[in-house]
There are 2 protein chains.
Amino acid sequence: MTKHLGDASVKFINPPSIISAAAVVGPKEGEGPLAPLFDKISEDILFEKDTWEQAESELMRQTVELCIQKSGLAAKDVNYIFAGDLLNQNSGSVYGARSFERPFFGLFGACSAMGMAMSLGAMLIDGGFANYIVANASSHFCGAEKTFRFPLELGTQRAPTASWTVTGDGAVMLSSNGRGPYVTSATTGAIVDLGQKDVNNMGAAMVPAAADVIAKHFRDLSLPHDYYDVIATGDLGMYGLQLLKQLLAQDGFTATDRLNDCGLLIYDTEKQDVHAGGSGCGCSAAVFAAHYMKQLRDGTIKKILFVPTGALHSVVTIQQGESIPGIAHAVAVES
Amino acid sequence: MTKHLGDASVKFINPPSIISAAAVVGPKEGEGPLAPLFDKISEDILFEKDTWEQAESELMRQTVELCIQKSGLAAKDVNYIFAGDLLNQNSGSVYGARSFERPFFGLFGACSAMGMAMSLGAMLIDGGFANYIVANASSHFCGAEKTFRFPLELGTQRAPTASWTVTGDGAVMLSSNGRGPYVTSATTGAIVDLGQKDVNNMGAAMVPAAADVIAKHFRDLSLPHDYYDVIATGDLGMYGLQLLKQLLAQDGFTATDRLNDCGLLIYDTEKQDVHAGGSGCGCSAAVFAAHYMKQLRDGTIKKILFVPTGALHSVVTIQQGESIPGIAHAVAVES
């Protein structure tokens with residue numbers, strides 16, 4: 001029996017259930033519109049650690065611990081932890097996951113990490129290889145700026161199309177048993193690179209990959225375009241989302257009104273000076289774990305296509321004149 | 001039906017077959033004892049590109065292309081590519097995989113990447129989610145030195161316990177059908193960190209993780225210690241392998257004579273001035289794809305436990321005084 005559908009999708013026979021979710025964020029995210037929904041808001045961007053990198057690992061550790069607690073399980077019950085982040089050599093996830101002493105898969109997909117973690121986790125559970133899997137993604141504003149841009153101390157002016165890396169982490173516990181919401185299908189993205197080189201406009205670099213994976217998802221699963229209540233990308237930002245709507249509409253996609261972007265939800269883009277919106281692995285992960293999980297549970301929405309998007313460049317490749325490869329992974333969650 | 005065994009292992013019901021393997025290496029590896037077994041040896045460490053990073057991506061692209069060709073398939077037949085490397089933001093794999101336009105999962109496990117790719121690939125195939133998956137890992141000496149150590153131009157003296165990063169790539173095609181060798185089981189490692197901080201002795205940092213995953217594998221699957229003809233770690237080097245034998249023997253492991261290390265096979269450690277041996281994601285991947293695949297096919301060995309090991313630090317975490325977290329993943333392959 002194959003559960004593979006079309007070019008790049010899988011449909012789950014026994015859809016894994018999301019039995020708990022946790023989101024922890026930093027101070028700026030705690031001033032945004034989703035503040036009441038986060039499990040924990042740290043007033044201290046250092047999370048009581050000495051460095052930004054240690055702070056991200058502590059943020060990751062706290063969120064995963066909380067997710068395990070909320071599921072009623074102990075760490076030893078967890079079969080696998082899948083986690084990704086933006087730091088070189090995945091150090092946010094690695095040093096954060098160290099204390100759990102559980103089988104660990106480190107993922108790199110930039111801000112698409114939560115999509116990878118949920119897709120792979122759901123496949124392992126539906127495949128019979130695990131009962132409980134933590135899917136996690138994290139980012140830290142200061143660590144990401146240091147890794148990809150300029151020293152914060154320079155106070156470099158930001159381009160209008162630039163996004164603000166979220167200090168935050170989202171985790172979900174996937175389970176072979178549970179009362180939903182369920183991960184029902186997933187479409188895995190290919191790398192799409194149309195030659196965009198502007199690192200201050202990563203939304204534009206990721207849009208072609210997002211459009212590609214969304215089109216494949218509907219085609220592979222033969223779904224009507226208005227099947228989902230929400231299609232939530234993360235994180236294209238305001239210019240990227242506009243571009244995605246245009247691209248999909250040109251291709252005959254009829255439900256562009258269902259599209260939204262996690263990067264536009266986490267901050268008040270009018271008041272919080274974040275320019276194009278939020279970004280970072282932790283943005284879509286925290287928005288999904290806090291905001292969309294609540295909407296799925298309280299019935300506001302019944303079906304969501306969650307589409308984390310990643311810009312897969314490094315500082316070195318950009319310095320060498322390369323373009324920014326994009327990727328996006330689509331995960332369907334239904335209550 | 002659960003295929004999960006014990007603490008951290010899975011046993012495959014329909015073991016995926018390895019239907020092709022490819023290994024491409026650089027000039028130094030082409031002067032080593034495994035030279036006749038590699039599919040291609042590049043005399044040019046730049047692989048006709050302008051930078052070391054582009055060279056690694058080209059090396060990755062060539063190896064995956066060759067692996068697909070040797071399997072008799074076309075790129076469009078491949079359901080997923082799993083790939084990992086050492087560069088920041090996985091750029092070796094990302095820019096290399098770009099041209100294939102296939103669903104892509106980027107992995108970070110440092111030199112354990114091939115173990116992750118083969119484990120996850122086998123789970124997806126046995127789970128019914130795919131028919132053909134490429135598992136790949138690459139490294140490039142110059143790119144790794146630049147990323148982790150000193151500018152090559154400095155000519156910095158190397159410590160006796162330091163290893164030499166392999167310029168090489170190994171890929172295998174996993175398939176739901178085929179005449180073997182088969183991936184029969186896998187044990188996924190947890191992060192193990194005993195506080196080792198010396199980046200010039202990564203073997204020692206990874207040994208505890210290797211010992212842990214090997215012990216778990218035999219316990220979870222209830223196998224006699226002499227079950228495998230070879231237990232091949234990658235890459236502990238000569239001091240690490242000694243330490244692993246000691247650690248396992250202390251724990252009552254009776255088949256330490258079966259242990260070998262991929263980092264000791266790829267170079268002539270007497271003549272090639274590589275100190276403790278080879279390392280890098282591409283070392284164990286290329287040694288498995290070239291040397292051990294040949295031995296499995298010609299009957300020299302029938303059963304191997306392949307145990308790629310990774311040191312999960314980054315330059316930044318080491319500069320901040322952190323220790324080196326180790327990880328190792330065990331993959332059983334039987335003809």
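Which domains does the domain assignment give for chain A? In this predicted model, the assignment gives domain 1, covering 4-175, and domain 2, covering 182-334. Taken over C-alpha atoms, the centres of domain 1 of chain A and domain 2 of chain A are separated by 17 Å.

Chain A contains 8 helices and 16 strands. Its radius of gyration is 18 Å, which is close to the 20 Å given by the globule rule for 335 residues, so chain A is as compact as a globular protein of that length. Along the principal axes, the C-alpha trace of chain A spans about 55 × 50 × 35 Å.

The boundary inside chain A can be described first by its contacts and then by its area. On one side, 64 residues of domain 1 of chain A are in contact with 57 residues of domain 2 of chain A. The size of an interface is often given as the accessible area lost when the parts come together. For domain 1 of chain A and domain 2 of chain A, the area buried between them is about 4500 Å², with 65% of it on carbon and sulfur atoms. Of the area that domain 1 of chain A buries against domain 2 of chain A, Leu34(A), Cys111(A) and Thr161(A) supply 13%, more than any other three residues.

The polar side of this boundary can be counted as well. Between domain 1 of chain A and domain 2 of chain A there are 20 residue pairs in polar contact, with both residues at pLDDT 80 or more. The elements of chain A that each supply at least two residues to the side of domain 1 touching domain 2 include the strands β3 (17-25), β7 (132-139) and β9 (168-175), as well as the helices α3 (113-126) and α4 (141-148). By class, that side of domain 1 of chain A has 36 nonpolar, 19 polar and 9 charged residues. Across this interface the rule finds 1 salt bridge, and a salt bridge of 3.8 Å, N to O, is found between the side chains of Asp7(A) and Lys216(A).

The second boundary lies between the chains. Here 61 residues of chain B are in contact with 60 residues of chain A, and the two chains bury about 5100 Å² between them, 60% of it on carbon and sulfur atoms. The count of residue pairs in polar contact between chain B and chain A is 26, again with both residues at pLDDT 80 or more. Among the elements that give two or more residues to the side of chain B touching chain A are α1 (52-71), α2 (91-97), α3 (113-126) and α9 (315-319) of chain B. The largest share of that side, 5 residues, comes from α3(B). By class, the side of chain B that touches chain A has 30 nonpolar, 21 polar and 10 charged residues.

What remains is the charged pairing across the chains. The rule finds 6 salt bridges across the interface of chain B and chain A, while the structure holds 29 salt bridges over all chains. Arg98(A) meets Asp193(B) in a salt bridge of 2.6 Å, N to O, and Arg98(A) also meets Glu322(B) in a salt bridge of 3.4 Å, N to O. Why does the pair of Arg98(A) and Glu322(B) join two chains? Arg98(A) lies in the loop between α2 (91-97) and β6 (104-107) of chain A, whereas Glu322(B) lies in the loop between α9 and β15 (326-328) of chain B, so the pair joins two chains.

Conventions. Residues numbered from 1 in each chain as written. Chains lettered and ligands numbered in written order. Predicted model: local features only at pLDDT ≥ 70, side-chain atom pairs only at ≥ 80, totals over all residues. Heavy atoms only, no water. Domains from an automatic or database assignment. Contact = heavy atoms within 4.5 Å. Buried area = accessible area lost by both parts, 1.4 Å probe. Salt bridge = Lys/Arg side-chain N within 4 Å of Asp/Glu carboxyl O. Polar contact = N/O pair within 3.5 Å; in protein donor to acceptor, adjacent residues only side chain to side chain. Helix = DSSP H or I, 4+ residues; strand = E, 2+ residues; numbered from the N terminus. Nonpolar A, V, L, I, M, F, W, Y, C, P; charged D, E, K, R; others polar. Rg over C-alpha atoms; globule rule 2.2 N^0.38 Å.
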